[in-house]
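Colleague: I am new to this structure. Could you show me how to read it?

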Amino acid sequence: MDKLRITGGRKLQGQVRISGAKNSALPAMAATLLTPEEVLLTNIPLVADIRTMRRLLGELGVKAEFEDGHAVRATAEKITSNEAPYDLVKTMRASVLALGPLLARSGKARVSLPGGCAIGARPINLHLKGLEKLGATIRTEYGYVEAEAERLTGARIVFDKITVTGTENMMMAAVLAKGTTVLENAALEPEVTDLAELLTKMGAKISGAGSPTITIEGVSSLHGATHAIIPDRIEAGTFLVAGAITDGDLEITACNPEHLTVVIDKLEDAGVSIEKGKDRLRVKPGSNLQASDVITKEYPGFATDMQAQYMALMTQANGISLITENIFENRFMHASELLRMGAHIRIDGARAIVGGKTRLTGATVIASDLRASASLVLAGLVADGVTIVDRIYHLDRGYEKIEEKLQSAGADIERVK
Ligand code: EPZ
């Protein structure tokens, strides 16, 4: 099992290039199930979840080849299986994104129920309710959900909770349904808009993506397309924090600052000085970090996927900050590991109270989920001494070569087998 070994104290400087967004590439790859023609997706991040999604598509009959580093060429000429097996779904909940397109394309889908994960129960009841509204019959037994529908028919679906992959699944199910589908209280995330753009290029008729109401006119078939995946806003935010926490001078390129407005505002509230360009951001040194409260909310609010990274930063800010996690019920696992590094954090339900500025000392810490791992790496960059982050397969799911990017910016970090 790989580990990362970090010796803290280096100020980051130089440049890091942001990869494509994992959470856009995953639904985009699932969307290739919707057409027998070839779809070329570029700016794909080479992370473990993408490789898992490729394996899943392969099981379903999709020929998907990676090429020239960051592109995937996928052709679902014929669906040869309708089942997303447990051993794949258990490693990646985003496999549930195969449900909508598989049902729309072949009328049948059998997907292992994803089960919970470290950060929460993460049910898919809203996905299933939406598919039933579109006319599917749903059966959940033996740990699988089975969905069948001769042909899906358009409907009005109101999400009683905002769900990112729920919105994406319903969009992909509705594009081939008979008639019009209206999604209300839809997710506004940029990854939803990116998927709508890909589907539109494939011939779908979608309006309102990026707003709470998305209207989809079903069509009889979709054709191939070429699409570039948007930059990963969470990776970009993570490197903004890396620059800030080490008081470095770090330029982040190939990103989209418009997807990070609230995160940038919050970091500036905390005293971080950030220069903004069209596709680049630069953290400048000399910030005197001040505590600033944060509440995670659906987009465009402060992203829950940035909460763990922000908590690491607040250990280095003067004053007491209050971090409220509204999206997931158990997303503070990083706090117990940060405490072992000397942080002063008190958890009270959905709220974490962080005292700062505290001296962190290196320790052997264990990653529990993707963004918690990032938070521990960030703390290691500023801690005195050596930090060993264990179980970094969590990190590899969503960050492409994070240690190489940090090394190139001057961090003393290496991967040890
Ligand atoms: C997506 O997960 C992201 N994953 C997550 O990123 C991200 O944290 C999350 O959205 C919130 O922004 C991908 O896009 C692949 P939700 P998703 O459905 O879609 C509840 C990362 O770090 N809910 O928006 O699974 C759910 O329990 C990952 O890259 C239901 O109750 O999240 C949660 O409390 C982690 N029933 C809330 O809604 C449902 O049917 C938001 O979940 C669906 C969701």
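Modeller: We will take the domains, then their interface, then the ligand. Keep in mind that this is a predicted model.

Colleague: Which parts of the chain form domain 1 and domain 2?

Modeller: Domain 1 takes in 3-19 + 231-416, and domain 2 covers 22-228. Over C-alpha atoms, their centres are 30 Å apart.

Colleague: How many residues of each domain are in contact?

Modeller: Count residues on each side with heavy atoms within 4.5 Å. Here, 23 residues of domain 1 touch 21 residues of domain 2. Together the two domains bury about 1800 Å², with 52% of it on carbon and sulfur atoms. Tyr-299, Arg-397 and Glu-400 provide 34% of the area domain 1 buries against domain 2, more than any other three residues.

Colleague: How many salt bridges cross the interface of domain 1 and domain 2?

Modeller: The rule finds 2 salt bridges there. In this model, Glu-191 and Arg-233 also pair their side chains in a salt bridge, 2.8 Å from N to O. Polar contacts between the domains come to 10 residue pairs. On the side of domain 1 that touches domain 2, there are 7 nonpolar, 5 polar and 11 charged residues.

Colleague: Now the ligand. Which residues are closest to it?

Modeller: Of the 20 residues that surround the ligand, the closest are Asn-125, Thr-163, Thr-165, Asp-305 and Ile-327. Next, look for polar atoms facing ligand oxygens. Lys-22 has a polar side-chain atom 3.0 Å from one oxygen atom of the ligand. Leu-126 uses a polar backbone atom, at 2.7 Å from a ligand oxygen. For Arg-331, a polar side-chain atom lies 3.4 Å from a ligand oxygen.

Colleague: How much of the ligand does the protein bury?

Modeller: Alone, the ligand exposes 830 Å², and the protein buries 90% of that.

Conventions: Residues numbered from 1 in each chain as written. Predicted model: local features only at pLDDT ≥ 70, side-chain atom pairs only at ≥ 80, totals over all residues. Heavy atoms only, no water. Domains from an automatic or database assignment. Buried area = accessible area lost by both parts, 1.4 Å probe. Salt bridge = Lys/Arg side-chain N within 4 Å of Asp/Glu carboxyl O. Polar contact = N/O pair within 3.5 Å; in protein donor to acceptor, adjacent residues only side chain to side chain. Nonpolar A, V, L, I, M, F, W, Y, C, P; charged D, E, K, R; others polar. Near = heavy atom within 4 Å. Areas by Shrake-Rupley, 256 points an atom, 1.4 Å probe, with all protein chains shown as cover.
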